[in-house]
Amino acid sequence: MMQDRKTLRRQLRQQRNALTPRQQKIAAAQALRYLGRQLWFRRARHIALYLPNDGELDTAPIIDLCRSQGKHLYLPVLHPVRHNRLWFTPYTRRTPMRLNRYRIAEPIPQGRPRRPAFALDLVLMPLVGFSASGGRLGMGGGYYDRTFAYRMRSKGLRGPKLVGLAHDFQRRNELPLEPWDVPLDAILTDRCCYRISY
Ligand SMILES: Nc1nc2c(c(=O)[nH]1)N(C=O)[C@@H](CNc1ccc(C(=O)N[C@@H](CCC(=O)O)C(=O)O)cc1)CN2
Ligand SMILES: Nc1ncnc2c1ncn2[C@@H]1O[C@H](COP(=O)(O)OP(=O)(O)OP(=O)(O)O)[C@@H](O)[C@H]1O
């Protein structure tokens with residue numbers, strides 16, 4: 001089972017890393033079109049997203065759109081104390097940044113207001129693989145799973161809508177899922193928006 005996840009991760013990561021800058025640009029522009037149509041996006045005021053790494057779907061056009069609409073953006077920051085958890089820190093044009101241990105840029109959190117995960121409206125999550133039924137396979141750090149683990153205890157708990165953001169080819173009919181994998185509410189790709197009905 002774990003070997004399955006490892007092999008699948010390697011395959012999907014290779015595939016997305018092979019995309020050309022032009023293909024990435026087209027995919028990001030397509031995903032933006034679908035995103036702009038979603039009511040949950042239009043309503044969201046506090047939105048967490050990510051800065052692309054390892055061939056992930058580029059969020060730059062989404063960042064531009066959100067800023068032009070006055071939405072508040074947040075980025076994940078590796079929690080300095082609580083093992084393998086994320087903080088969400090405001091992200092503006094002026095936010096000082098540094099590289100984290102994975103060499104992904106993140107805000108320097110010192111003295112800045114953080115927003116607890118449950119007080120966000122929408123979280124656009126990076127992923128390595130997904131299923132149309134809301135399954136998510138990540139990079140393997142368990143960061144998002146731990147941060148949103150409260151969702152497993154009670155589906156009714158208030159909290160942000162969790163939406164995976166990915167290239168459509170990252171979809172698999174079957175994913176080797178584990179009990180701690182937090183299910184997504186929707187997945188948005190360059191081809192469509194998969195909405196999950198539980
Ligand atoms: N863009 C982006 N930001 C993100 C995530 C993500 O998946 N994408 N994360 C989502 O959780 C968190 C960081 N998690 C990550 C986990 C592993 C690797 C990674 O590249 N692992 C290497 C091994 C690196 C090492 O340990 O030295 C690898 O697997 O090749 C990157 C990010 C927070 N920020
Ligand atoms: N809620 C949790 N509590 C404790 N440990 C967890 C939890 N969720 C995940 N883990 C641990 O984290 C490790 C990585 O999990 P997994 O492979 O599902 O990460 P991932 O979803 O691919 O990564 P990410 O969420 O960072 O993108 C696993 O070994 C698992 O035991």
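I take helices (H or I, at least four residues) and strands (E, at least two) as DSSP runs, numbered from the N terminus.

**Ground rules.** I am working on a predicted model, where local features need pLDDT of at least 70, side-chain atom pairs count only at pLDDT 80 or more, and totals for chains, interfaces and linings use all residues. Residues are numbered from 1 along each chain as its sequence is written, chains are lettered from A and ligands numbered from 1 in the order in which they are written, and side-chain values use heavy atoms, with hydrogens and water left out.

**Entry: positive phi.** I looked up Asn 84 in the loop between strand 2 and strand 3 (86-90). Its phi is positive, about 55 degrees, although Asn 84 is not a glycine. Most residues other than glycine have a negative phi. I take buried as under 20% relative accessible area, exposed as over 50%, and partly exposed as in between (1.4 Å probe, protein chains only). Asn 84 has 14% relative accessibility, so I log Asn 84 as buried. Next I went to Asp 54, in the loop between strand 1 (46-48) and helix 4. Phi of Asp 54 is also positive, near 60 degrees. Asp 54 counts as buried because its relative accessibility is 17%.

**Entry: the sheet.** I call two strands paired if DSSP finds at least two bridges between them. I traced an open sheet of 7 strands in the order 3-2-1-6-9-10-11, with mixed pairing. Strand 3 and strand 11 (193-195) are the edges, each pairing on one side only. For directions I use lines fitted to C-alpha atoms, for helices over the stretch in contact, with angles from 0 to 180 degrees between N-to-C directions. Neighbouring strands of this sheet are turned by 25 degrees against each other on average, direction ignored.

I then went through some pairs. Strand 1 and strand 2 are parallel and share 3 bridges. Ile 47 stands opposite Leu 73 in strand 2. Strand 6 (residues 122-126) and strand 9 run parallel, joined by 5 bridges. There, Leu 122 faces Lys 161 of strand 9. Strand 9 also runs parallel to strand 10 (residues 186-188), with 3 bridges. Leu 165 has Leu 188 in strand 10 as its bridge partner.

How many residues of strand 9 are buried? I found 4 of the 5 in strand 9 (residues 161-165), so the strand is largely enclosed by the rest of the structure.

**Entry: helix 2 and helix 4.** Helix 2 (residues 21-37) and helix 4 (residues 60-68) pack at about 40 degrees, with axes 8 Å apart. I sort angles as roughly parallel under 35 degrees, roughly antiparallel over 145, roughly perpendicular from 65 to 115, and oblique for the rest. The two helices are therefore oblique to each other. I count heavy atoms within 4.5 Å as a contact. Ala 28, Leu 32 and Leu 35 of helix 2 meet Pro 61, Ile 62 and Leu 65 of helix 4.

**Entry: cores.** By nonpolar core I mean buried Ala, Val, Leu, Ile, Met, Phe, Trp, Tyr and Cys residues joined through side-chain atoms within 4.5 Å. The largest has 25 residues, and Ile 47, Leu 122, Leu 124 and Leu 188 have the most contacts inside it. Helix 2 gives the largest share of this core, 4 residues. A second, separate core of 22 residues includes Val 123, Tyr 144, Phe 148 and Leu 184. I finished on Ile 47: beyond its neighbours within four places in sequence, its contacts include Phe 41, Cys 66, Leu 122 and Leu 124.
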